[in-house]
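Colleague: I have a model open and want to learn how to read it. Where do I start?

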Amino acid sequence: MYDAANKVQRGTDQGYCVRVVVGKSWECFWTLILKEGQVTLEGPFYDQGDSLMAVTGGTGKYAGAKGSMKLHPRDAKGSSYTFTYDLL
């Protein structure tokens with residue numbers, strides 16, 4: 001995970017996705033790992049277009065986190081994405 005300018009690494013993420021509709025979507029569970037704590041997410045990942053996932057919790061500075069994360073493909077191949085977190 002990098003800053004908005006895609007220059008400075010701010011953290012990492014890890015998780016997994018299970019295919020639910022072939023050629024259309026996955027259901028994903030993953031964790032964003034930052035120096036100040038972690039943020040957990042769950043939701044659909046679409047083969048095309050934007051995806052919106054729920055923030056299901058967190059640790060450290062992010063304990064009790066709620067909100068959403070928008071996943072936007074940067075190219076048609078889906079080889080790069082913009083993650084936009086909206087934490088409440």
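Modeller: We will take strands, a loop and a pocket in turn. Keep in mind that this is a predicted model.

Colleague: Strands, then. How many bridges join strand E4 to strand E5, and which way do they run?

Modeller: Look for bridges between two strands, and then for direction. Strand E4 (residues 51-58) and strand E5 (residues 67-73) run antiparallel, joined by five bridges.

Colleague: What joins E5 to strand E6?

Modeller: Seven bridges do, and E5 and E6 (residues 81-87) also run antiparallel. Find Lys70, whose bridge partner in E6 is Thr84.

Colleague: Now the loop between E5 and E6. Is Ser79 buried or exposed?

Modeller: Check relative accessibility against the cut-off. Ser79 sits in that loop. Ser79 counts as exposed because its relative accessibility is 57%, and exposed means over 50%.

Colleague: Which side chain does the side chain of Ser79 contact?

Modeller: That of Asp75, in a polar contact at 2.6 Å.

Colleague: How do I read a pocket?

Modeller: Rolling a water-sized probe over the atoms shows where empty space is left. Here the largest pocket holds about 400 Å³ of space. Its lining has 19 residues, and the closest to the centre are Met1, Tyr2, Asp3, Arg74 and Phe83. Strand E1 (11-21), strand E2 (25-34) and E6 each give two or more residues to this lining.

Colleague: Which element gives the most to the lining?

Modeller: E6, with five residues.

Colleague: And how do the lining residues divide by type?

Modeller: Into 11 nonpolar, four polar and four charged.

Notes
Residues numbered from 1 in each chain as written. Predicted model: local features only at pLDDT ≥ 70, side-chain atom pairs only at ≥ 80, totals over all residues. Heavy atoms only, no water. Pairing = 2+ DSSP bridges. Helix = DSSP H or I, 4+ residues; strand = E, 2+ residues; numbered from the N terminus. Buried < 20%, exposed > 50% of the residue type's maximum accessible area, 1.4 Å probe, protein only. Polar contact = N/O pair within 3.5 Å; in protein donor to acceptor, adjacent residues only side chain to side chain. 1 Å grid on protein atoms, 1.4 Å probe; cavity = no way out; pocket = protein on both sides within 12 Å on 5 of 7 lines; lining within 4 Å. Points joined across faces, edges and corners; volume = space filled by probe spheres on them. Nonpolar A, V, L, I, M, F, W, Y, C, P; charged D, E, K, R; others polar.
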